[in-house]
Amino acid sequence: DNLVILNNGQATVNVKTELPDKERMTDFIEQIGNPYCYLCNGMVIKTRFAGKQSLEDCLKATMFAEKDN
C-alpha cells in the first residue's frame, strides 16, 4: 500500500480543527487511511498499542499534541 504523506505545512491530510473531537478523528482516519502506518516528514510512523488505551484516546493525544506544537 501507499503511505499517506504528512509534512509540516504541506500535509496531504488536513486536520479540520473546527470539527468536534469525534468528527475530527473520523475525518482524519478517512483521509489518512491507515492510522497505524503513515509517512511524516520523511519518517515512517508505525503505531502500536500495549492495550492500556483505546485507539480513540491515542489519536486524541496525538492530534492535540500536534496542535499544541
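**Helix α1 and its buried face**

D27 is found in helix α1. The model is predicted, and the protein has 69 residues, of which 20% count as buried.

**Overall fold**

- The protein contains 2 helices and 3 strands.
- Along the sequence, these elements come in the order β-α-β-β-α.
- Contacts between residues at least 6 apart in sequence include 49% that join residues at least 24 apart.
- The accessible surface of the protein is about 5,200 Å², and carbon and sulfur atoms account for 49% of that surface.

**Helix α1: geometry and end**

- G33 follows α1, and the phi of G33 is positive, near 80 degrees.

- The buried residues in α1 are R24, M25, D27, F28 and I32.
- These residues lie on the same side of α1 because they cover an arc of only 165 degrees around the axis.
- An α-helix has 3.6 residues a turn, so residues three or four places apart point the same way.
- K22 and E30 are on the other side of α1, where they are exposed.

**R24**

- R24 has a relative accessibility of 7%; the cut-off for buried is under 20%, so R24 counts as buried.
- The side chain of R24 reaches the backbone oxygen of T17 at a distance of 3.1 Å.
- R24 belongs to the buried set of α1, together with M25, D27, F28 and I32.

**D27**

- At 13% relative accessibility, D27 is also under the 20% limit and therefore counts as buried.
- Leaving aside residues up to four places away in sequence, D27 touches N14, K16 and L19.
- D27 is thus a buried residue of α1, whereas E30 in that helix is exposed.

Notes:
Residues numbered from 1 in each chain as written. Predicted model: local features only at pLDDT ≥ 70, side-chain atom pairs only at ≥ 80, totals over all residues. Heavy atoms only, no water. Buried < 20%, exposed > 50% of the residue type's maximum accessible area, 1.4 Å probe, protein only. Polar contact = N/O pair within 3.5 Å; in protein donor to acceptor, adjacent residues only side chain to side chain. Helix = DSSP H or I, 4+ residues; strand = E, 2+ residues; numbered from the N terminus. Contact = heavy atoms within 4.5 Å. Areas by Shrake-Rupley, 256 points an atom, 1.4 Å probe, with all protein chains shown as cover. Arc of directions from axis to C-beta.
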